[in-house]
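Please keep the sequence and the coordinates at hand while reading.

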Amino acid sequence: MTLNEKDATVAQEGKPARKDGAQSRNAIDFAIRFGFIGLLVGLVIFFSLAADGFSSPRSAVFIFQSVAITGILALGVTFTLVVGGFDLSIGSVATSSMMLSAYVMVVLEQSAFVAIVACLVMGAVIGFINGVLIVKTKVPDLLATLGMMFLLVGLQRIPTEGRSIATGMTLPDGSTANGTFSPFFLQMGRHRFDLVLDNLLPISVVFLLVIGVLVWVFLELTRHGRLMYAIGSNERAASLTGTNVNAYKIVAYMFSGVLASVGGMLLAARLGRGDIASGTNLLLDAVAAALIGFAVLGAAKPNAFGTAMGALFVGILLQGLTMMNAPYYTQDFVKGAVLVVALVFTFSLSGRKAGGH
Amino acid sequence: MHEAACRIDRVEKAFGDNRVLKDITLDLPAGTVTVLMGANGAGKSTLVKILSGVHSKDSGTIRLSGSEFRPETPADAIRAGIVTVHQNINDGVIPDLDVASNLMIDRLAENSYGFLLKRSKLFKAAEDIARRMDLPVNVRRPVSDYSIADRQLIAIARALSHDPKLLILDEPTSSLSASEAERLFSYIERMRAEGVAVLYISHRMSDIRRIADRIVSMRDGEISGVFEGESLDYEGAVNAMLGHRMTDVGIVVPEQGKAVAELKDIRLIPTAKSFSLTLRENEIVVVTGLLGSGKTALAQALFGLHPVHAGSIRLDGQEFRPKSPGEAVARGVFMSPKDRANNAVIRDFDITRNMTVPFLRRYAGLSFVNRGAERAKAREMIDALSIVCQSERDDISTLSGGNQQKVMLARWLAQRCRLLVLDEPFQGVDIRARRDIGHKIRETAGNRATLVMVAELDEALEIADRIIVFSEHAVVAEFRNENVNPNDILTAVAGFAAANQTVQAA
């Protein structure tokens, strides 16, 4: 990948000051670039030795599955980080999408296709509103998306008066909801492909991989991705080269909204109901993955590969700890600790100014 | 003249290899307004920061009323009697707090004040200060209720409540109207009468004529001239500030091509006079003028950053009214902005990527960037501009200022355009890079019109075919750069500014 190529040349060409200084400088460069990957590999080896059954295809797939939805949301928030913004509403967009898809199929008795289109449109519209609030009305990104988060958390409860949506539930007007989740829709969360072993690869993991590759291609290889990075690094300079900064920022928030709604649909398909209590951890986990991604390969900036690695890192850690019988309530503590260490990697050691917050 | 309130003796200051102040020796007499002039980077703000305790000097001494003055922090300087009012008014006041808190805020910051806020005492003390200073304000109202001028006066009143020996005002009138400025001047006159030494930093000739007892010009970290006496030599002061070591570059004004941009009856801002200007192919027009004369406003108007107030622009005969930089670029009008660190350099990008930002489309098929093609172009531009670097993939931040500026220029030279506007292309650039950039601009000028904004006369003389003097957002003089007498230009730069301002103030 180009990130490390570029950094490699910089490292080689680092001013040849004094020899020992240059050497320690190179050592630090090396630590910054490969520290996190090294940690990841170390973690896998450790758990393979310490936890029975960790190093099996099934366990690997389970890890992927556990991070699939978070990872998709994290790829969305990566877009907003790239343009120097932030999207706090992704978690509630995802849960709103979950509730909406359930509402469309169970209450309105529509097809899976209608539900999917409705969710994608909702994600895009929310992203658009976020973007307009930020670039036109100049509300700071954190505040605009925080407001949107609250708004959506409330909104998704109104149609059902705060209840979860499942077939046979009683509606506010006293009637019973007779619709069902379409089998096709449920397949999105439950189908598994055969790969080496029967029923190995869940569809959500395929979604994650495909979306991850697409986002990486967009951000790294296309001129639109390049211009988004330019905006994140120096917005004023980017606008003075003729770049339509506002349009790119709005598009970044729309991508974020759409990807969050995809995550929400996968969640609905997995649960088979619109569960009002699910998805509370999505926001923090996704943001953590994207921020951990800053540290991968010393990028010191938001990037798709890093985000995917960040999500994977958290997944491996939690799966390993679970298999070693660590209690569930230590999970958030571990995630927080990893995030703090990653941020120190990024901001303190690398000395390069990172974009975003 | 009074005794020196402040005596600066052989003060030096360097940031890394960059010697910002070289052997500065200067007396600031009590009861005298000393105006300090200097172009950007001349070292005047560094001098002010040393006096106000923000920076420490490397060597030399400063004496305040005879005793040595060695501030460690801004608070030390204030306690010793050196009070500074900064250019940006909102650095000086806190708009959401009431006037009383603003007037007393540095007292509140002292440890001796105690833990609890004593409101009635606070208001009483503030009212005392306001009365003593003739400040027509209600100390209980928030500062945000008052005009910019009042805020400026509040900041100054707070400064004066410390009974300063030396009052430093950094461009205090830059956001004031003529009548508001007049109020400020009468304050300054009272301070002068009370025996305070005033150091007044400004570029506005009208201010300087109004208030200066003596003028000190700075240039390249040195005092380049001290002017005092019955009638002050304003032109001499401007000359000493801008300077022109006649560098013989042998400009031969070439045959000009057809008109590219025709500006007709343009008024940049509502209060400005109108002007017309025609820019032709194969001609380099330099706009010069003091800070705030509207050079940048002209550049920005041509690049679609804000509309002109009145008048019309035609580009190759077609009406040209860009609403965004994107539209200007599409029509073939390119602009390289001043202050490259904030407005041009994309720090996270390497040289190649910095160069190709505006024209990525040209290196992209189906939106996918062809990295080979953009690197090839970058290598070509690196050779053409003799940019000193290891490769086209070096981080932009590893380059020196001059080479960074060359990359910014290469960004716009990489494609053909109709009109190239360069706002301060020599800012923060060493002499060698300045020559390279100047040559390149002249060499490539054939098929386009070129408009360059510079404040330093030297730079104008080095590259211009025609020199336009700007003042108060309008053209006030025009010179063909052949056997031109630099003093005539200086007269225009200094003189018209003052004349126009007086007219306006009246």
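In helix α4 (residues 99-108) of chain B, the buried residues include Val99(B), Ala100(B), Ser101(B), Asn102(B), Leu103(B) and Met104(B). A residue is called buried if 20 or more other C-beta atoms lie within 10 Å of its own, exposed if 12 or fewer do, and partly exposed in between, with C-beta atoms placed from the backbone. The cover over the buried residues of α4(B) includes α5 (119-132) and α6 (148-160) of chain B. Helices (H or I, at least four residues) and strands (E, at least two) are DSSP runs, numbered from the N terminus.

The model is predicted: local features need pLDDT of at least 70, side-chain atom pairs count only at pLDDT 80 or more, and totals for chains, interfaces and linings use all residues. Residues are numbered from 1 along each chain as its sequence is written, while chains are lettered from A and ligands numbered from 1 in the order in which they are written.

Chain B is divided into domain 1 (4-242), domain 2 (247-332 + 419-435 + 455-506) and domain 3 (344-416); these bounds come from an automatic or database domain assignment. Between the C-alpha centres of domain 1 of chain B and domain 2 of chain B there are 33 Å.

Strand β3 (residues 33-38) of chain B is largely enclosed by the rest of the structure, because six of its six residues are buried. Both of its faces are covered: Val33(B), Val35(B) and Met37(B) are buried on one side, and Thr34(B), Leu36(B) and Gly38(B) on the other. Two strands are said to pair if DSSP finds at least two bridges between them. β3(B) runs parallel to strand β8 (residues 197-201) of chain B, to which four bridges join it; within β8(B), Val198(B) is the bridge partner of Val33(B). With strand β9 (residues 214-219) of chain B, β3(B) forms five bridges, also in the parallel sense, and Gly38(B) stands opposite Met218(B) in β9(B).

Antiparallel pairing is found in an open sheet of four strands of chain B, in the order β2-β1-β4-β5. Its edge strands, β2 (18-29) and β5 (67-68) of chain B, each pair on one side only. Strand β1 (residues 4-15) of chain B is joined to β2(B) by eight bridges and runs antiparallel to it, with Arg7(B) opposite Asp27(B) in β2(B). Helix α1 (residues 44-51) of chain B packs on this sheet, touching β1 and β2 of chain B, and its direction makes about 65° with that of β2(B). For such angles, axes are lines fitted to C-alpha atoms, for helices over the stretch in contact, and the values run from 0 to 180 degrees between N-to-C directions. Two residues are in contact if their C-beta atoms, placed from the backbone, lie within 7 Å.

Which residues have the most contacts inside the largest nonpolar core? They are Leu73(A), Val286(B) and Leu419(B), in a core of 267 residues. A nonpolar core is here a set of buried Ala, Val, Leu, Ile, Met, Phe, Trp, Tyr and Cys residues joined through C-beta atoms within 7 Å. Helix α11 (residues 245-271) of chain A gives the most to this core, with 16 residues. Leaving aside neighbours within four places in sequence, Val286(B) is in contact with residues including Val452(B), Val454(B), Ala460(B) and Ile463(B).

The contact between the chains takes 25 residues from chain A and 27 residues from chain B. On the side of chain A that touches chain B, the elements giving two or more residues are α1 (2-13), α9 (223-233) and α10 (235-239) of chain A. Of these, α9(A) gives the most, with seven residues. By class, this side of chain A has eight nonpolar, 10 polar and seven charged residues. Ala, Val, Leu, Ile, Met, Phe, Trp, Tyr, Cys and Pro count as nonpolar, Asp, Glu, Lys and Arg as charged, and the others, Gly among them, as polar.

Asn325(A) has a phi of about 65° and is found in the loop between α13 (304-323) and α14 (331-349) of chain A; Asn325(A) counts as exposed because it has 7 C-beta neighbours inside 10 Å. For His473(B), phi is near 60°, and the residue is found in the loop between β21 (466-471) and β22 (474-480) of chain B. His473(B) is buried, with 24 other C-beta atoms within 10 Å.
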